[in-house]
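Hi there,

Here is the structure I promised to pass on. Have a look at it first, and then read on for my notes.

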Amino acid sequence: MKTLYFDCVSGASGDMILGALLDAGLPADVLRERLAALHLPGFELRVEKVEKCGIAATQVDVVVDDDVPERHLPQLEAIVQGGDLPAHVVEKSIAVLHRIGEAEAAIHRSSLDHVHLHELGGIDTIVDVVGAVSGLDALGIERVRCSPIPLGRGFTNSAHGRIPLPAPATVALLRGAPVTGSEIQAETVTPTGAALLSTLSADFGAIPAMTLSAVGYGAGRKDFAIPNVLRVLVGEAAAAGDSGLQALVVLETNIDDLNPETYDYVMGRLFAAGALDVFLAPIQMKKNRPATLLSVICWPSAAAALSDILFSETSTLGIRRYEVMRQALPRRSQTVETTYGPVRVKVAHWGDGQAKAAPEYEDCRKLAAQYNIPLREVYRAAVQAAHAAALV
């Protein structure tokens, strides 16, 4: 699975994202060709190589000749839909623009169709959004992950006067994303940058396990005490179901004051919300109190929702979170016919043609109860049927 990681060294903007993609191998001619499919006059894409604190980076400027003072969200969507872009690029681009509109509408207590987007309604916003989505598509990126996002402080000018940084739209767009304070007294993350990172990223966290193939640096316009760049890492990562390594998250907490009857319900909610596994272990805590270690294994994208369940459904006040690597065998599910009825069998492969089969418990349990026979008899019949069908 071709994966891209956004490493927000100093922050992010639409221009910095475009620059990083170009620096990572996206040909400028390809990007210009994709943007030309918008049939949108009044802009020019300028690309140059610069240095930021000694780091070579690509800087992109979207130079605009636009006499429209402001646009509403439906106008932006109509421009994107009116071009000759691939359907999936149109869909993702409109999703980003829609989130910008939702953030602005909430801030100004206006409807989505009538909110004034001011600076965010310009041609440069459309170019940044469509350019970023098209660039990821042209590079063949299948999954995007992002680092925690550093936010600077200070004030900036807007159509409504002086506003605090990070801008209200930026803060609204980053709700649910991990953010951290920055020592920089300036705007480090623009609303467009926030909308792109939060919409296009499948999850946030550390650099995922992958075979690195390209690195790119996109430069911001200002100079800071640290390199004002956004870095992207591109590589091949193992996808769910492949035989390679998978980056997972473990959530765990020690609990010594929860009614034991609650655990079954909590486990059910965790599995329903995407947990790959949930397990309990007896432990001894401080003052030699007996307690339970509750552990959850999940994909990084599900960690936030599962943490919310642990906080709301248990008495815990803190959750440990860390990444682990899992090597999983590719598997498929097939149904075999036994003397007692059909049973689904999970078949896994590894090495040079090696395989093994595991009957599904629920199917075996139902047949054992139906025929009033030992469960192991149904298991044995299912394994024999798998061998007879040359599945293993």
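Which residue in E18 does Lys 346 stand opposite? Lys 346 has Ala 358 as its counterpart in that strand. Please keep in mind as you read that this is a predicted model.

Strand E17, made up of residues 341-350, runs antiparallel to E18, and six bridges join them. Three residues lie between the strands in this hairpin, where Gly 351 takes a positive phi near 60°.

Stepping back to the whole sheet, you will find three strands in the order E16-E17-E18, forming an open sheet with antiparallel pairing. Strand E16 (331-338) and strand E18 (354-359) are at the edges with a single partner strand each, so one side of each has no neighbour in the sheet. On average, neighbouring strands here are turned by 35° against each other, direction ignored.

Two helices are worth a look as well. Helix H10, residues 361-371, packs on the sheet and touches E16, E17 and E18. The direction of H10 makes about 155° with that of E17. Helix H11, residues 375-388, lies across E16, E17 and E18, and runs at about 110° to E16.

Conventions:
Residues numbered from 1 in each chain as written. Predicted model: local features only at pLDDT ≥ 70, side-chain atom pairs only at ≥ 80, totals over all residues. Heavy atoms only, no water. Pairing = 2+ DSSP bridges. Helix = DSSP H or I, 4+ residues; strand = E, 2+ residues; numbered from the N terminus. Axes fitted to C-alpha atoms, helices over the stretch in contact; angles between N-to-C directions. Contact = heavy atoms within 4.5 Å.
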